[in-house]
Amino acid sequence: MSVRVGAARVRALLLSLVTFFVVAGTATGCSGGDERPRVVVTTNILGDITREIVGDEADVSVLMKPNADPHSFGLSAVQAAELENADLVVHNGLGLEENILRHVEAARASGVATFAAGEAADPLTFHAGEEGGPDDGAGEPDPHFWTDPDRVRKAAGLIADQVVAHVDGVNEKTVRDNAAHYDGQLADLTTWMEKSFVTIPEGRRALVTNHHVFGYLADRFGFRVIGAVVPSGTTLASPSSSDLRSLTRAMEEAGVRTVFADSSQPTRLAEVLRQEMGGDVDVVPLYSESLTEKGEGAGTYLQMMRANTSAMTEGLTRD
């Protein structure tokens, strides 16, 4: 009997050791001793951009799932460990990833190279309501730089620099060639957007959104930002009844009847505004904070921007 108990204990110990090494290997990204360089990216928009640049030279792990909200998504323990075992962490910065900043800072403190793309892309600040609408956070940095493809071009070039500098084992020429090819695609995107937006009459180049997210696009392509249903740069804020009344007045004075709402968020607040204005308001969905799954309309940054441009142009020229 004692022999059988001892054998059971040995088997249990061996099973525990096997489980430990499997989990440890998974957490560090190791498989059979084959350690590839790894870049970890916080948001899926930056993840797509980074993958275009890195190509097959390193593994690119994206923490934020499709259709998620960058202001509110969090990390699992395994994802937090990924950050601290990366060769390079690419994040947006400027307060966008509100729930994971401490993890990025912990990775930096442990010696991991980190790059805040938004902070390097000539950031703008939120402005007080120029058209009379409510506006919280005036003077704070606006993290939504990706709505301006020219700023994305700058950020993409800097990401390539960071990859070359901090990710051992990559082929610099391949990374530079990837970056140059993607830069050309971004330049084509800017040209196409300019040609599309020129069809919108000057008097209709006015934006009202669920929350303040298109300031960079407005600055680059000559739009006026009337206001937002949620008068903040984050989806975590909520409007007051006085905010809605102020925005309603601003929209009526500007003759604006179209509200652009994030496609990954419920449009309840925009619907409330529709009720405030007597029902004569169009609510047009846009992809603003996140990419979708592949094949669902905005699987890449380029697809997202083209889809948004088409929806905005149609929404602002509709009779």
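Let's start where two helices meet: the axes of helix 5 and helix 6 come within 9 Å and cross at roughly 175°. An angle over 145 degrees counts as roughly antiparallel, so helix 5 is roughly antiparallel to helix 6. Keep in mind that this is a predicted model.

Who makes the contact? On the helix 5 side you'll find residues including P149, V152, A156, A160 and V163, and on the helix 6 side the list includes V175, A179, Y182, L186 and M193.

Now look at helix 5 by itself. Helix 5 covers residues 149–166, which is 18 residues, and spans 25 Å from its first C-alpha to its last, close to the 26 Å expected. At its N-terminal end sits a cap: a side-chain oxygen of D148 lies 2.9 Å from the backbone nitrogen of D150. Several residues of helix 5 are buried, among them R151, A155, I159 and Q162.

Finally, hop over to Q79, which you'll find in helix 3 (residues 77–84). Is Q79 buried or exposed? Its relative accessibility is 17%, so Q79 counts as buried. The side chain of Q79 reaches the backbone oxygen of L63 at 3.2 Å and the backbone nitrogen of S76 at 3.1 Å. If you leave aside neighbours within four places in sequence, Q79 is in contact with L63 and G74.

Key: Residues are numbered from 1 along each chain as its sequence is written. This is a predicted model: local features need pLDDT of at least 70, side-chain atom pairs count only at pLDDT 80 or more; totals for chains, interfaces and linings use all residues. Side-chain values use heavy atoms; hydrogens and water are left out. Helices (H or I, at least four residues) and strands (E, at least two) are DSSP runs, numbered from the N terminus. The expected span of a helix is 1.5 Å times one less than its number of residues. Buried means under 20% relative accessible area, exposed over 50%, partly exposed in between (1.4 Å probe, protein chains only). A polar contact is a pair of N or O atoms within 3.5 Å; within protein, one must be able to donate a hydrogen and the other to accept it, and residues adjacent in sequence count only if both atoms are side-chain atoms. Axes are lines fitted to C-alpha atoms, for helices over the stretch in contact, and angles run from 0 to 180 degrees between N-to-C directions. Angles under 35 degrees count as roughly parallel, over 145 as roughly antiparallel, 65 to 115 as roughly perpendicular and the rest as oblique. Contact means heavy atoms within 4.5 Å.
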